[in-house]
Each structure stands twice: as structure tokens, then as C-alpha cells.
Amino acid sequence: MTYSIAVVGDWDSVMGFRALGLETHPVRTPDQAREEIKRLAKTDCAVIYLTETLAKAMPDVLDRYKDELRPAIILIPGREGSLGIGRDNIQRAIERAVGADIL
Amino acid sequence: MPNVAVNPTRMELTRLKGKLRTAQRGHKLLKDKRDELMKQFLETVREVRSLRAEVEEDLMKVHGSFTVASALMSAQALEQALMYPKQSVELTMTFQNVMSVNVPVYDFQTRTKSESDIYPYGFAGTSGELDAAVEALGHVFRKMLKLAQIEKSAQLMAEEIEKTRRRVNALEYVKIPEMQESIKYITMKLEENERANTIRLMKVKDMVLKDAVEERRRKNEEMLANS
């Protein structure tokens with residue numbers, strides 16, 4: 001069984017990935033991204049790279065798929081630069097596991 | 001008094017003792033599982049942190065080169081150049097079992113084998129910066145896939161640790177004390193019954209003895225009177 005890898009984000013941030021042969025889904029608004037991710041989750045998509053700018057507006061979607069084996073939603077910085085959400089998410093995972101903020 | 005009603009019987013006591021032993025063994029096992037998971041989790045998290053920092057940095061550089069490329073080319077030309085990818089990536093997912101947590105292991109295959117054969121456009125209409133940007137992105141992508149794998153593993157492990165921690169705490173602070181309380185209650189009740197029974201027997205013995213003594217005395221008096 002082979003799976004596909006998708007990249008969701010604004011056109012400027014995702015166009016490069018198209019050249020690598022990943023499935024790119026350029027979206028403009030968080031609502032579009034939400035729909036796109038919901039649709040992708042039902043298909044054979046194992047990894048979704050999502051730009052942080054969009055992820056900021058939809059933490060509910062991230063939480064929804066956090067404990068699922070598939071898809072893995074991984075945040076990447078968009079054109080605008082890193083917002084630190086990806087790093088915060090790791091921090092949150094630690095807090096969740098340990099019950100306190102260590103490290 | 002335990003807050004759940006238990007029958008103070010020997011059968012209940014045996015049953016509870018068995019349950020307590022199981023609970024204690026389960027508690028120990030779960031605690032070991034939690035500790036080991038935590039160890040692995042922290043290792044993974046450290047890896048995720050450094051790799052994420054690396055990927056973010058690299059990706060920003062790539063975004064930078066794409067910006068340069070798009071400045072040198074018209075937006076249409078750029079879009080056209082990247083429209084139909086030559087390369088396609090297929091992902092295979094296998095699972096690795098880390099302390100009963102299934103974590104994904106990704107592996108990808110590209111359709112074109114050679115590294116230099118990934119450009120989906122002719123070199124004539126595009127700028128050299130675009131080639132460099134695409135190539136750099138190809139390198140970052142490997143790291144990104146690794147990041148996806150360990151970050152997902154970390155998330156899944158965090159969930160499992162949370163679950164295990166709750167179970168350990170529930171056993172340690174609720175279930176086991178509750179059972180110990182019940183066992184104590186039953187033992188005390190049974191001992192109480194035992195003592196009550198002894199006293200009852202002693203009283204009966206006293207009564208029987210008193211009757212016997214009185215009988216003997218009456219017989220003696222009768223004999224004295226007759227003689």
C-alpha cells in the first residue's frame with residue numbers, strides 16, 4: 001500500500017513542492033484549508049504539510065488528527081517565516097505526557 | 001468503612017485478595033511501561049526539536065531562493081514551469097512497535113531515479129535560481145519526511161503516556177487503597193464475629209456449668225436428708 005504526501009498552503013509557499021512531485025493544494029483561506037484537510041484525511045494521504053499561517057487559524061483541526069495514526073499533519077513555516085507554532089506543539093505534547101513543563 | 005458495600009464473608013475476602021494482587025502487579029507493570037515510554041519519548045522529542053529547527057531554517061532559505069527565482073521570472077512563467085511535475089513521490093508506511101505504541105515509519109520512492117532528473121521544465125525558459133531552489137527543496141524534503149515521522153511518533157507516544165499515567169494513578173491512589181480498605185474491613189468484621197462466637201460459647205458453658213453444679217448440690221442435699 002502506498003500513500004501520498006500533500007502540501008497545503010498558500011500558492012507561494014507550496015509551489016516548490018509541486019516540482020518534487022508532492023500533491024500540492026494551494027488554498028487562500030483557512031476555511032478552504034479546513035475543507036481540503038478533511039477531504040485529504042479520507043483519501044490515502046499519510047502526511048500533510050501545512051503552513052503555520054493557516055494552522056494558526058485552525059487548532060481544532062490539528063487536535064482532531066493529533067491522535068490518529070494517519071494523516072500526520074506537520075507544520076512548516078510559510079513564506080512569511082516561522083511563527084513558532086510547530087515548536088509550541090512539541091512543547092504541548094511534552095506537557096501532555098509529563099503533566100508539567102520540563103526541558 | 002469502605003464506601004462500597006462489601007459482604008464481610010470469607011469468600012469475598014479471598015476474592016478481594018486475589019484482585020488486590022492482580023492490581024498491584026498491573027500497577028507495577030504499568031509503571032515500568034510509563035517510565036520506559038517516557039524515556040523513549042524524551043529522546044524522540046529532543047530529536048524532533050533539533051530537526052525542526054534545522055528544517056525551519058533550511059526551508060526559509062529555500063523560500064528565499066524561490067523568491068529570488070520568482071523575481072527573475074514572470075509569475076506565469078514560473079507557474080507554467082512548475083505546473084506538471086515530472087517527479088512523483090510515493091510513500092510507504094510501515095509500523096514500528098514502541099512499547100505497544102504503533103508509530104509510523106515512512107519510506108518514500110521517487111519515480112525518476114536520478115537526482116538531476118527532477119526538473120519538470122526545460123532549462124531555456126527558466127532562470128538558474130529556480131533550479132537551485134528546486135534542488136535545495138529536494139534536500140530539505142528528506143529531512144521533512146524524517147521530521148514528519150518522529151513528530152507523529154512523539155504525538156502518539158504523548159497520548160499513550162497520558163493514558164498510562166492516568167491508569168497508574170488510578171490504580172495507585174484509588175483502586176488499591178479502596179481494596180485494602182475493604183480487606184481490612186472484612187478481616188475486622190470476621191474477627192469481631194469470631195470473638196462474639198467465643199464469648200457466646202463461654203456464656204453457654206457458664207450456664208451449663210451452673211446448672212450442673214446446682215444439680216449436684218441438690219442431689220447431695222437429698223442424700224443428706226435421706227440418711
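Me: Two strands count as paired when DSSP finds at least two bridges between them. In E2(A), which residue is the bridge partner of Gly9(A)?

Reply: The model is a predicted one. In it, strand E1 (residues 2-9) of chain A pairs with strand E2 (residues 23-26) of chain A in the parallel sense, over 4 bridges. Within E2(A), the bridge partner of Gly9(A) is Pro26(A).

Me: What is the handedness of the β-α-β unit that E1(A), helix H1 of chain A and E2(A) make?

Reply: E1(A) and E2(A) are parallel partners. Helix H1 (residues 11-19) of chain A belongs to the unit together with these two strands. The β-α-β unit is right-handed.

Me: In E3(A), which residue is the bridge partner of Ile5(A)?

Reply: E1(A) also runs parallel to strand E3 (residues 45-51) of chain A, and 5 bridges join the two. In E3(A), the residue that bridges to Ile5(A) is Val47(A).

Me: Which element gives the most residues to the side of chain B that touches chain A?

Reply: The contact draws 34 residues from chain A and 44 residues from chain B. On the side of chain B, the elements giving two or more residues are H1, E1, strand E2 (101-110) and H3. With 17 residues, the element that gives the most is H3(B).

Me: How many residues on the side of chain B that touches chain A are nonpolar?

Reply: This side of the contact takes 44 residues from chain B. By class, 10 of them are charged and 8 are polar, and the number of nonpolar residues is 26.

Me: Are H5(A) and H1(B) roughly parallel or roughly antiparallel?

Reply: The axes of helix H5 (residues 85-98) of chain A and H1(B) come within 10 Å and cross at roughly 170 degrees. Angles over 145 degrees count as roughly antiparallel. H5(A) and H1(B) are therefore roughly antiparallel.

Me: How many residues of the contact of H5(A) with H1(B) are nonpolar?

Reply: H5(A) contributes Gly86(A), Arg87(A), Ile90(A), Ile94(A) and Ala97(A), while H1(B) contributes Phe41(B), Val45(B), Val48(B), Arg49(B) and Arg52(B). These residues divide into 3 charged and 1 polar, and the nonpolar number 6.

Me: Within chain B, are H1(B) and H3(B) roughly parallel or roughly antiparallel?

Reply: The axes of H1 (residues 10-72) and H3 (residues 128-226) of chain B come within 4 Å and cross at roughly 160 degrees. That angle lies over the limit of 145 degrees, which means that H1(B) is to H3(B) roughly antiparallel.

Me: Among the elements of chain A, which has the highest mean pLDDT?

Reply: The complex receives an ipTM of 0.84 and a pTM of 0.78 from the predictor. Chain A averages a pLDDT of 82, with 97% of its residues scoring at least 70, and chain B has a mean of 85, with 89% of its residues at 70 or more. Among the elements of chain A, H1(A) has the lowest mean pLDDT (78), and the highest, 86, belongs to E3(A).

Terms used. Residues numbered from 1 in each chain as written. Chains lettered and ligands numbered in written order. Predicted model: local features only at pLDDT ≥ 70, side-chain atom pairs only at ≥ 80, totals over all residues. Axes fitted to C-alpha atoms, helices over the stretch in contact; angles between N-to-C directions. Parallel < 35°, antiparallel > 145°, perpendicular 65-115°, else oblique. Right-handed = clockwise from strand over helix to strand, strands pointing away. Contact = placed C-beta atoms within 7 Å. Nonpolar A, V, L, I, M, F, W, Y, C, P; charged D, E, K, R; others polar. pLDDT = per-residue confidence, 0-100.
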